[in-house]
Amino acid sequence: MKIAKTLVKALTGKTVTAGRNSSGRITSFHRGGGHKRSLREIDFKRDTSSVGIVERIEYDPNRSSRIALVRWIEGVGQKDASYKVDRAPVNYILASHQMEVGSMVVNSDSSKPSTTGSLRPAQNADSFLRFQELFRKAHENAEGTDEANAAITAAPLPPADLLDLNSKVGNCMPLADIRMGTWIHSIECRPGQGAQLVRAAGTYAKVVKESASQCLVRLPSGAEKVIDSRCRATIGIVSNPSHGAQELRKAGHSRWLGWRPVVRGVAMNPVDHPHGGGEGRTKGGRPSVSPWGKPTKAGYKTARKTPKA
């Protein structure tokens with residue numbers, strides 16, 4: 001596999017900090033060890049107007065969702081791609097739920113913020129013919145894996161998906177071009193900054209209201225955020241929605257993931273925790289507190305009061 005060999009060489013190692021900061025102090029407890037991981041460079045900006053074919057869906061140990069390897073057939077130069085395979089620019093993007101091998105994804109950098117209502121007009125006939133020609137060229141010149149070629153041959157894109165970019169999961173476009181009520185993910189906070197919101201597995205946001213220059217988006221937490229309409233987002237839900245339902249098979253499974261055991265305060269020595277020490281088995285001798293002596297029960301407020309201006 002030429003693609004696999006090239007990408008393995010391009011992966012970089014990840015340094016394990018084991019929960020320590022630059023001074024060597026533990027700032028994140030119960031972390032350390034775990035299986036060796038390699039970093040994949042993910043394209044969160046997708047700011048180049050381009051069309052590509054999904055080569056394969058891969059597992060990424062550094063995130064809960066899956067990632068997709070995309071071979072760009074137009075719009076992305078060799079300098080813009082993360083990796084190069086047989087002179088074809090390819091890179092990783094965050095995979096959407098129900099994205100399949102051989103499907104087409106589009107990075108649209110089209111219109112200005114719109115002032116229309118709830119529905120966005122479909123692309124014109126020229127755009128339809130352009131994307132149809134691009135897909136035909138990708139089908140003829142495909143040099144990827146056999147699995148990707150078989151998927152392209154067996155399931156060509158219907159005209160509706162080519163004509164209306166809003167109906168295809170995995171397409172990336174400005175919020176100004178997305179219909180109200182559409183499920184989106186990988187949202188930018190500022191134009192051109194790269195996706196920062198809604199990137200965890202199975203999450204999605206919803207476009208609630210649009211105006212000429214701003215868009216109101218309902219986040220997975222239920223909070224509504226006003227975002228610049230020039231910010232980009234991806235259509236669909238983040239892949240691997242069953243991530244939260246997975247169960248660890250044994251104790252070693254959590255160690256593979258880099259999680260160390262949690263120890264009770266009453267099982268420690270007095271020097272390590274306020275509940276530690278004592279002869280025999282004790283209850284701690286005081287109400288529950290943190291390792292630094294702050295109460296953890298009865299609604300103790302830990303937030304600092306904001307001074308009034």
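**Figure 1. Strands that line the largest cavity.** β6 (88–94) and β15 (232–235) each contribute at least two residues to the lining of the largest cavity. Strands here are DSSP runs of E with at least two residues, helices are runs of H or I with at least four, and both are numbered from the N terminus. This is a predicted model, in which local features need pLDDT of at least 70 and side-chain atom pairs count only at pLDDT 80 or more, while totals for chains, interfaces and linings use all residues. Residues are numbered from 1 along each chain as its sequence is written, and side-chain values use heavy atoms, with hydrogens and water left out.

Figure 2. A cavity is a set of points, on a 1 Å grid over the protein atoms alone, where a 1.4 Å probe fits but cannot get out; lining residues have an atom within 4 Å of a point. Look for Asp43, Phe44, Lys45 and Arg46 among the lining residues, together with Ile93, Leu94, Cys172, Ser186, Glu188, Ala195, Arg232 and Thr234. By class, the lining has five nonpolar, two polar and five charged residues. Nonpolar covers Ala, Val, Leu, Ile, Met, Phe, Trp, Tyr, Cys and Pro; charged covers Asp, Glu, Lys and Arg; the others, Gly among them, are polar.

Figure 3. The structure holds zero disulfides, a disulfide being a pair of cysteine sulfur atoms within 2.5 Å. Cys215 is buried, with a relative accessible area of 2%; buried means under 20%, exposed over 50% and partly exposed in between (1.4 Å probe, protein chains only). Cys172, one of the cavity-lining residues, is also buried, at 3%.

Figure 4. A search of the whole structure finds two aromatic pairs. In one of them, the ring centres of Phe29 and Trp292 are 6.0 Å apart and the planes stand at 70 degrees, so the pair is edge-to-face. Phe29 belongs to the loop between β1 (12–13) and β2 (38–39), and Trp292 to the segment after α5 (251–256), 263 residues apart. Rings of Phe, Tyr and Trp (its six-membered ring) pair if their centres lie within 6.5 Å, with planes under 30 degrees apart counted as stacked, over 60 as edge-to-face and the rest as tilted. Phe29 is partly exposed at 40% relative accessibility, whereas Trp292 is exposed at 65%.

**Figure 5. Arginines over aromatic rings.** The charged end of Arg199 sits over the ring of Phe44, 4.0 Å from the centre. Arg31 lies over the face of Trp259, at 4.1 Å from the ring centre. The criterion is NZ of Lys or CZ of Arg within 6 Å of the ring centre and within 35 degrees of the ring normal.

**Figure 6. Two positive phi values in loops.** Most residues other than glycine have a negative phi. Ser186, in the loop between β9 (183–185) and β10 (187–188), has a positive phi near 50 degrees and is buried at 7% relative accessibility. Val198, in the loop between β11 (195–197) and β12 (205–210), has a positive phi of about 55 degrees and is buried at 11%.

Methods: 1 Å grid on protein atoms, 1.4 Å probe; cavity = no way out; pocket = protein on both sides within 12 Å on 5 of 7 lines; lining within 4 Å.
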